[in-house]
Amino acid sequence: MFRPRNRVLGVHAAISAGIEEDIRELVTTGEVMHQVASLRGDNHVRAFVHALGVPGIVDVHVHFMPDSVQRKVWAVFDQLTNPPWPIVYRAGAGERLATLRSVGVVSHTALAYAHRPGMAAWLNEHTLALAAEHAQVLPTFTFYPEDGVDDYVSHALESGGSCAKVHLQVGKFDANDARLDAVWARLARARVPIILHAGAVADGSGGEEWCGVRPVARLLERFPDLPLVIAHLGTPDTEDFLALAETSPTVHFDTAMVPTDPPYLTDLPARLLGRIEALGDRILFGSDFPTIPHDYAAQVRGLVRLDFGDDWLRAALWHNPRRLLSLDSADRSAVKDAAPLGQQGPAQNERLA
Ligand SMILES: [Zn+2]
């Protein structure tokens, strides 16, 4: 599964650092090598996206957990050796919010997930409070098969929840568990998208038996209107999930960690690229920030290197997530991108800590 590959493209091309004009020129040449070269680092991402002609990025796969949980997650990643996982954005929540703004992210989720009962409602308090405080944070919630789940999900929806996260592999549960029936029905009725980790990643953490396309296909047979966003392009079950998406119009994908430049998790099989390109209105950019082993720009470069063209890029970075999350009609979608950095005052940081 973990198969790092040598970097094949010298992205350190001879461009002047951080000069918007140069980036605009490189981007508008339309050649993918030029575009990749213009994305040398995080300080180029915002200019790159503007040169593409969209106001910014909507990142549907960003994690914000309570600090105690985040520290435990990082401790797990710190143990990885094949390959090692040097976490680039290990910082307090205020600093992470500022980093996302600085790379031109206008809206992003705040994903958290439970691995046992009794956690999800508490996680939702955290993520929904973050969204209430910061307009760029989409009100995100999670759930777990347990008593009371329908109550706290309806509470999350009443509190403005507009996006859900479910992690079948970490949660180690059946998506079709009867305790979730009322929740899925509720989310299908409300057309609330669910970022669903359903790929059976063989990383030694277990839980693969709950993943793969079969439980998801069954779920969709029962709730065909559920707007699903299969995380990480369904890796490593991408082919199966593409087939599901080709017959199920509510199935979408996020691109988090696959593809990246340089590649880290896995190579997308070349034979699947045409099918991914053809689903261009259902692919949403995601980064997996902050627990990523490379800079943010690597995620955007990975998308550019697919070479599907500027329209495809604009759709993945901006139009598709805006549409799926109904951001064009929502007040909170206001492009507050222009606000200066460093607005996260100490009081706010304390509240988040
Ligand atoms: Zn993730």
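His 232 counts as buried because 24 C-beta neighbours lie inside 10 Å; the cut-offs are 20 or more other C-beta atoms within 10 Å for buried, 12 or fewer for exposed, and partly exposed in between, with C-beta atoms placed from the backbone. This is a predicted model, in which local features need pLDDT of at least 70 and side-chain atom pairs count only at pLDDT 80 or more, while totals for chains, interfaces and linings use all residues. Residues are numbered from 1 along each chain as its sequence is written.

**Overall make-up**

- The protein has 353 residues, of which 45% count as buried.
- Its secondary structure comes to 15 helices and 8 strands, taken as DSSP runs (H or I, at least four residues, for helices; E, at least two, for strands) and numbered from the N terminus.
- Of the contacts between residues at least 6 apart in sequence, 78% join residues at least 24 apart; a contact requires the C-beta atoms of two residues, placed from the backbone, to lie within 7 Å.

- His 232 has a positive phi of about 55° although it is not a glycine, and its place is in the loop between strand 6 (228–230) and helix 11.
- Lys 172 is not a glycine, yet its phi is positive at about 55°.
- Lys 172 belongs to the loop between helix 8 (168–171) and helix 9, and it counts as partly exposed because it has 16 C-beta neighbours inside 10 Å.
- Arg 191, which follows helix 9, has a positive phi near 55°.

**Helix 7**

- Tyr 152, Val 153 and Ala 156 are the buried residues in helix 7 (residues 149–158).
- These residues cover an arc of only 100° around the axis, which puts them on the same side of helix 7; the arc is that of the directions from the helix axis to the C-beta atoms.
- An α-helix has 3.6 residues a turn, so residues three or four places apart point the same way.
- On the face turned away from the buried side, helix 7 carries the exposed residues Asp 151 and Glu 158.
- The cover over the buried residues of helix 7 includes helix 6 (120–133), strand 3 (140–142) and helix 9 (181–190).

**Helix 9**

- Val 183, Trp 184 and Leu 187 are buried in helix 9.
- Viewed down the axis of helix 9, its buried residues fall within an arc of 95°, so they line one face of the helix.
- Helix 7, strand 4 (163–167), strand 5 (194–197) and helix 10 are among the elements that cover the buried residues of helix 9.

**Packing of helix 10 and helix 11**

- Helix 10 (residues 213–222) and helix 11 (residues 238–247) pack at an angle of about 15°, and their axes are 10 Å apart.
- The axes are lines fitted to C-alpha atoms, for helices over the stretch in contact, and the angles run from 0 to 180 degrees between N-to-C directions.
- The residues of the contact of helix 10 with helix 11 divide into 5 nonpolar, no polar and 1 charged, where Ala, Val, Leu, Ile, Met, Phe, Trp, Tyr, Cys and Pro count as nonpolar, Asp, Glu, Lys and Arg as charged, and the others, Gly among them, as polar.

**Cis peptide bonds**

- The Val 258 to Pro 259 peptide bond is cis, with omega near 0°; Pro 259 is in the loop between strand 7 (251–254) and helix 12.
- The Phe 289 to Pro 290 peptide bond is cis, with omega near 10°; Pro 290 is in the loop between strand 8 (283–284) and helix 13 (296–305).

**Two partly exposed glutamates**

- Glu 277 lies in helix 12 (residues 273–278) and counts as partly exposed because it has 14 C-beta neighbours inside 10 Å.
- Not counting residues up to four places away in sequence, Glu 277 touches Phe 308 and Trp 312.
- Glu 208, in the loop between strand 5 and helix 10, is partly exposed, with 17 other C-beta atoms within 10 Å.
- Glu 208 and Val 170 are 38 residues apart in sequence, and their C-alpha atoms are 9.0 Å apart in space.
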